[in-house]
Amino acid sequence: MMSSNPVFRVTTKILFAPIIVYGLYVQFHGDFGPGGGFQAGVIIAAAFILYGLVFGMVALRKLAPPRIVALFMAIGVMIYGGVGVVSLLNGGNYLDYNALDHHDPAHGQHLGILLVELGVGVTVTSVMMVLFFAFAGYGDPKAEDDGGQG
Amino acid sequence: MFDFIASHWNYLIVVVLMLIGLYIVMSRQNLVKKLVGLSIFQTALFLFYITLGRIDGGTAPIINPDVDYVYSNPLPHVLILTAIVVGVATTALGLALTLRINDAFGSIEEDEILAAKAEDGLIEEKKS
Amino acid sequence: MTSVMINIFLVSLMVVIAVMVVRTHRLFAVIVMSGAYSLISAAMFVNLDAVDVAFTEAAVGAGISTVLLLAAMARLPAEEKPLKTNVIGPLAVVAIVGALLVTAVVDLPAFGSADAPAHTHVAPRYLAESDAKLHIPNVVTTVLASYRGFDTLGETIVIFAAGLGVLLLLAGKTKTQLPDYSKPKTARSATRPKASSSPKKTRQSSAKKKKAAKKGSSS
């Protein structure tokens with residue numbers, strides 16, 4: 001197990017939080033530089049995958065239970081769709097961000113893009129983690145007993 | 001002829017990469033190698049589209065209002081962002097199918113899978 | 001001029017890696033090479049002014065794709081068997097497709113020309129409006145999330161569907177029992193799931209029914 005090697009263990013513990021902070025930075029600065037939901041989602045998922053590779057799948061399943069991660073997959077898509085529905089309720093077309101803020105359409109666009117990218121980021125993070133759980137835990141009888149993904 | 005190659009060389013090299021990817025998918029019988037070849041083909045295709053959007057003397061399409069730059073066309077970038085993520089989704093599903101095929105038939109080589117299917121009676125044995 | 005030389009260098013590196021993927025038989029090496037290919041293509045994207053795309057390709061292609069392939073390789077045989085089929089067919093098809101593609105390339109405008117038809121229509125409007133009306137500098141983000149928001153919704157649903165598909169395939173209580181690969185093949189086939197007889201009956205004519213019945217009883 002890789003966690004017996006002190007270099008891996010210490011480096012992962014030090015790097016885990018900065019990777020997630022960098023992922024959040026990329027997510028929210030997608031308006032001003034390269035970035036956005038997809039890249040941020042992959043970066044945050046990479047932090048968790050690194051943790052899983054070094055400390056083992058059991059520790060990763062305790063940190064991020066697979067059922068909750070799979071739930072976030074759907075929550076991300078619903079955030080995206082929900083922004084469109086809020087636009088509908090406010091009187092505009094579906095996914096028309098101008099309707100999100102009647103006094104200042106540009107601010108409505110900002111808000112709409114922020115929420116939509118958030119939805120995309122949440123979806124991509126959880127899907128990448130679900131893929132990793134499914135591939136790395138395949139054929140592992142403990143994964144099923146744990147109520148892993150079931 | 002030579003000025004055609006000089007002005008279109010990027011497209012031609014990308015076509016070569018696409019053909020190598022297509023050859024891997026068609027000729028190799030190992031399923032994982034086919035998936036890798038498909039991914040090579042897709043990446044070459046993305047290069048082709050991005051090359052279409054490039055403008056000489058242009059820069060990345062992030063607008064700086066103070067300076068008067070020429071910006072490269074942002075539309076292919078958006079298309080390809082979508083395509084990259086869809087590509088990885090396809091690869092993941094293909095790999096999941098490969099794992100299950102390996103479980104069911106004991107191998108990931110196409111000819112051995114066909115032989116195992118014929119042995120099970122799932123398909124007619126082809127006399128080649 | 002340096003940008004052209006960097007272009008040529010990176011692209012020839014990609015061609016070399018692609019040819020090596022064709023020739024290598026060890027699958028771990030093939031996967032690492034595909035990761036290197038994705039990373040070099042990300043460098044090419046930066047050279048072609050597509051910084052968002054380069055970011056995504058480096059993260060997704062060189063990162064996630066390689067990790068997934070390696071994770072799957074833990075349960076798959078590690079070597080490709082030598083080629084048994086004829087390569088003349090694929091080579092002929094590849095040659096024909098190549099000829100067609102080169103014919104299409106002839107009609108394209110020169111690389112980097114500013115008056116290509118691709119740069120008319122909506123692109124100048126997006127570039128102009130993105131900062132003036134929306135006050136967001138990154139045009140790719142505004143086009144992705146606002147001007148072409150429906151496409152991104154579809155893409156998010158596609159990613160979700162991929163995660164759902166992998167969950168259905170790999171993470172359920174209906175997995176087949178892994179066969180024992182230490183036994184020879186004929187003993188192994190006893191653990192494989194048997195095909196049911198009904199699909200065969202609907203597909204075959206009466207003349208072949210006897211042959212199928214004989215095969216079904218002997219396996």
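How many Å separate the centres of domain 1 of chain C and domain 2 of chain C, taken over C-alpha atoms? The separation is 25 Å, for domains that the assignment places at residues 1–79 (domain 1) and 120–170 (domain 2) of chain C, the bounds coming from an automatic or database domain assignment.

The legends below describe a predicted model, in which local features need pLDDT of at least 70 and side-chain atom pairs count only at pLDDT 80 or more, while totals for chains, interfaces and linings use all residues. Residues are numbered from 1 along each chain as its sequence is written, and chains are lettered from A and ligands numbered from 1 in the order in which they are written.

**View 1. Helical make-up of chains A and C.** Chain A has 6 helices and 0 strands, and chain C has 10 helices and 0 strands; here helices (H or I, at least four residues) and strands (E, at least two) are DSSP runs, numbered from the N terminus. Taken along the principal axes, the C-alpha atoms of chain A fill a box of roughly 60 × 35 × 15 Å. Buried residues make up 43% of the 150 residues in chain A, and 31% of the 219 residues of chain C count as buried, where a residue is buried if 20 or more other C-beta atoms lie within 10 Å of its own, exposed if 12 or fewer, and partly exposed in between, with C-beta atoms placed from the backbone. Among contacts in chain A between residues at least 6 apart in sequence, 59% join residues at least 24 apart, whereas in chain C residues 24 or more positions apart account for 40% of the contacts with a separation of 6 or more; two residues are in contact if their C-beta atoms, placed from the backbone, lie within 7 Å.

**View 2. The side of chain C that touches chain B.** In this interface, 91 residues of chain C are in contact with 75 residues of chain B. The largest share of that side of chain C, 12 residues, comes from helix H3 (residues 51–73) of chain C. By class, the side of chain C that touches chain B divides into 56 nonpolar, 18 polar and 17 charged residues, with Ala, Val, Leu, Ile, Met, Phe, Trp, Tyr, Cys and Pro counted as nonpolar, Asp, Glu, Lys and Arg as charged, and the others, Gly among them, as polar.

**View 3. The side of chain C that touches chain A.** Here 41 residues of chain C are in contact with 43 residues of chain A. The elements of chain C that give two or more residues to this side are H3, H6 and helix H7 (149–170), and H7(C) gives the most, with 13 residues. The side of chain C that touches chain A has 25 nonpolar, 12 polar and 4 charged residues.

**View 4. The crossing of H5(C) and H6(C).** The axes of H5(C) and H6(C) come within 10 Å and cross at roughly 95°, which makes H5(C) roughly perpendicular to H6(C). Axes are lines fitted to C-alpha atoms, for helices over the stretch in contact, with angles running from 0 to 180 degrees between N-to-C directions; angles of 65 to 115 degrees count as roughly perpendicular, under 35 as roughly parallel, over 145 as roughly antiparallel and the rest as oblique. C:Tyr126, C:Leu127 and C:Ser130 in H5(C) meet C:Val139, C:Thr142, C:Val143 and C:Tyr147 in H6(C), and by class this contact has 5 nonpolar, 2 polar and no charged residues. In the loop between helix H5 (123–132) and helix H6 (139–147) of chain C lies C:His135, which has a positive phi of about 60° although it is not a glycine. With 15 C-beta neighbours inside 10 Å, C:His135 counts as partly exposed.

**View 5. B:Pro74 and helix H3 of chain B.** B:Pro74 is placed in the loop between helix H2 (31–53) and H3 of chain B, and B:Pro74 is buried, with 29 other C-beta atoms within 10 Å. Not counting residues up to four places away in sequence, B:Pro74 touches B:Pro61, C:Ala123, C:Tyr126, C:Leu127, C:Val139, C:Val140 and C:Val143. The C-alpha atoms of B:Pro74 and B:Ile62, 12 residues apart along the chain, are separated by 9.3 Å. At 1.5 Å a residue, the 31 residues of helix H3 (residues 75–105) of chain B should span 45 Å, and its end C-alpha atoms are 45 Å apart, which agrees; the expected span is 1.5 Å times one less than the number of residues. Just after H3(B), B:Gly106 takes a positive phi of about 85°.

**View 6. The loop that holds A:Leu95.** A:Leu95 is found in the loop between helix H4 (66–89) and helix H5 (105–136) of chain A, and A:Leu95 counts as buried, with 22 C-beta neighbours inside 10 Å. Although A:Leu95 is not a glycine, its phi is positive, at about 60°.
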